[in-house]
Amino acid sequence: MKIQKLNNNWQMRIAGEDIWLPARVPGSIYQDLTDGGRLDDPYWRDNEKKALAIMENHFVYRCVFRKEEKEYSEAILRFESLDTLTEIHLNGRKLGNTENMHRIYEYEVTDILAEENLLEIFFRPALSYIRDCQEKVRAEGCIDAMDGFAHIRKAHSMFGWDWGPRIPDGGILRDVTVCYRDAAWIEDVHIRQRHEEGYVTLAIQAEMGKGGREDLPIFYEVSVTAPDGAKHRETGSPREIRIDNPMLWWPNGLGSPNLYEVEIRLFAGDRLLDTWKKRIGLRTITIRREKDAYGESFATEVNGQQVFAMGADYIPQDNIFGRIREERTRKLLESCVMANFNTIRVWGGGYYPEDYFLDLCDELGLMVWQDFMFACAVYELTDAFEENIRAEFADNIRRMRHHACLALWCGNNEMEMFVAGGGWGNTPKQMSDYFKMYEYIIPKMLKEYDPDTFYWPASPSSGGGFDDPNCYDRGDVHYWDVWHGGKPITEFRKFYFRYLSEFGFQSFPTMKTVESFTLPRDRNIFSYVMEKHQRNNSANGRIMTYMEQEYLYPTDFAILLYASQMLQAEAIKNGVEHLRRHRGRCMGAVYWQLNDIWPGASWSSIDYYGRWKALHYYAKRFFAPVLLSCEEESRMTQERNINAEKPDFRKSVRFNISNETFEEKHMEVSWTVRDAGGGELCGENIILTIPPFSSEWTRKWELPDLDASREYVSYSLRENGAAVSQGSVLFTMPKYFEFMDPGLTVSSDGDIITVQAECYAKGVEIRNENEDLILSDNYFDMDGGEKTVRILSGKPDGLRVRSVYDIR
């Protein structure tokens, strides 16, 4: 089969206008309008309103192309993703309509193709469509999205969310191709694995198509290329292939993400008709659920080893889908690996990821929790809607199932929890439809198309059936009492979630990112524009409420942005370190959220432009394979009110070493009580042995005489004399600690940056003029002295440095 890509020579216009603009395919309507000067940057100030209004229009795309092949049995016009409501014409003849951006649409055009061809795609507005549908039958959902969004199979987040604008893009999002089929072709391939001691058997299920030649004798051969380059080839249409001494695929931090290349070549005699080539990883992945003393476990198990899942929730990288490119995605996912992630949860309100996203996760060793694309809504399961989503499921399951990174399928985001509680005023029919969709249709289709991948009905869930969906003792949990519930950041320590798949805390982006969407007069967090770029209602005020609990009031806008990031990082650190200390009972910490869809305040650890916030550097430390953490008793964990009748509080430290590796570790823990100048007062060193995949506690040290306003504890973990993990802990809120001016200085030599401090400095931030440095470490604590870090990305132009001392 020959493939002709139709990604060039495209034009687009607003229906009713005469001016045609150059169009990029793959791309999107907003991208083409902004590139063509027809629309101002939708992210600048409140331009979102103009961008939304323009989507009330119809749009037309057209392309002239020449046929590249002369001999073929069939010609198929294939659209990988059209967003969303379209009518397609080829050479003046209507081929059909599309209504689902998540589907692949194919049309036979054998008798329509000419030497030169005109392809036209007419896009209808999604906005009027959802309004009309909502008038007929109400389908409620997320209050931050546009009314009726659940009626259309389109990325829900395009209609707004509590972290993104109402900018419902559309267009030709993925490749358009003509497939010229020979006498026969490879329709589909499914490779399943059986793992035995010392070898893996690949079971090959190959489905062939024939162009009206059922009697044509065809066969295929299979070649498997190992990660070390060794090749294995079998002819005669083999059903099974045995791989001896397999090189297994492992997630990041546990080994190499080894990938084998499998190529299937279809022949008629000595004539090559078609080729199918994919990379696979030899591994087993499932979720282990077992009754135990606490309830029921929920742990990712890879190649027989239970793994603590560490990562974040991924949302679409842009509201303007034409800007989402492989290079940008690679940078984001590489940043995850740099921060010691092993897991990415693809959230159900976006879209099924690109093939390159999954290829990158395969290469980088990132396990993917893949939601089906349903989130925070109820749906009307009509016959037409069911037919539509069944086709969507089949397309995406078959496209994604071979990927080594695919750890589990999940039915939806937060719907079992809210539907069970009547959260969207759902009707009895909609509750019944819920069961049909997520506990019958999807499991049945997975049994047919991908029976080897674990399925979980919703997130959060205890296993389905509306059985206490957000139970803390089984299944996965979304915990939002810290943030939405206003609980202090230490509240995480009261709970022992089996797998925490959502929890988060907001911050503002850096000044350079804020400058990208504001005028100087807008740079007050309660200004119209700053609140326009904050989609969680009243959340700028919530940031300040939490800031009041921890820090002095920042009197400078730039310092406020920095303080918000420190606050966010400390909050998530509290949660993750607590869960890792209780490894075994707790087996996952996936925070909300990894990335941004546009520039603004949000829960992300990496902002819209790829700038790392403080949280991402903290994640690199608290997701480290070997982690030393401190469970202190302090004012923050007890009575925070300094005017309480009995304001005294206990002061103690107890340390924990989490070892998420295959190796037994022999390590030295050192801790020291220090004064604000960094001077040593007392402390202790102990030697511990930590078994693989475990966490071990030290004893508790009581510190009744520690002066919480002037003294702190620093701690470090060493292996063979080298520092592996380190940090410091206060015993009162930072606003009450009497920090001394650390007199920070910074200098660079090549790719090495050196920071010097005269005394204790907490949360030391290094930044350059463009605030786009990525460093080996940042937002770290110093006891005074000197620290060097390495530049991983960016230039050391205009280096500056600050710390928590500067929050005042």
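**Pockets and a helix contact in the predicted model**

The lining of the second largest pocket comprises 14 nonpolar, eleven polar and eleven charged residues. The model is predicted. This second largest pocket holds about 860 Å³ of space and is lined by 36 residues, with Arg621, Ser725, Gln726, Gly727 and Lys787 nearest its centre. Two or more lining residues come from each of H12, H13, strand S35 (626–633), strand S37 (665–675), strand S40 (711–719), strand S41 (722–729), strand S46 (780–782) and strand S47 (785–793). The most is given by S41, with six residues.

Helices H12 and H13, which both contribute to that lining, also contact each other. The axes of helix H12 (residues 557–581) and helix H13 (residues 614–622) come within 8 Å and cross at roughly 20°. H12 is therefore roughly parallel to H13. Their crossing is right-handed. On the H12 side the contact involves Gln565, Met566, Gln568, Ala569, Glu570, Ile572, Lys573, Val576, Glu577 and Arg580, which meet Ala614, Leu615, Tyr618 and Phe622 in H13. By class, the residues of this contact are eight nonpolar, two polar and four charged.

The largest pocket contains about 1600 Å³ of space. Its lining has 45 residues, and Arg78, Glu80, Ile104, Lys278 and Asp355 are the closest to its centre. At least two lining residues are supplied by each of strand S1 (2–5), strand S5 (74–79), strand S14 (176–181), strand S15 (184–196), strand S21 (271–280), helix H5 (355–364) and helix H6 (383–400). The lining of the largest pocket divides into 18 nonpolar, eight polar and 19 charged residues.

How values were computed. Residues are numbered from 1 along each chain as its sequence is written. This is a predicted model: local features need pLDDT of at least 70, side-chain atom pairs count only at pLDDT 80 or more; totals for chains, interfaces and linings use all residues. Side-chain values use heavy atoms; hydrogens and water are left out. Axes are lines fitted to C-alpha atoms, for helices over the stretch in contact, and angles run from 0 to 180 degrees between N-to-C directions. Helices (H or I, at least four residues) and strands (E, at least two) are DSSP runs, numbered from the N terminus. Angles under 35 degrees count as roughly parallel, over 145 as roughly antiparallel, 65 to 115 as roughly perpendicular and the rest as oblique. A crossing is left-handed if the near helix is turned anticlockwise from the far one by less than a right angle, and right-handed if clockwise. Contact means heavy atoms within 4.5 Å. Ala, Val, Leu, Ile, Met, Phe, Trp, Tyr, Cys and Pro count as nonpolar, Asp, Glu, Lys and Arg as charged, and the others, Gly among them, as polar. On a 1 Å grid over the protein atoms alone, a cavity is a set of points where a 1.4 Å probe fits but cannot get out, and a pocket is an open set with protein on both sides within 12 Å along at least five of seven lines; lining residues have an atom within 4 Å of a point. Grid points are joined across faces, edges and corners, and a volume is the space filled by probe spheres set on the points.
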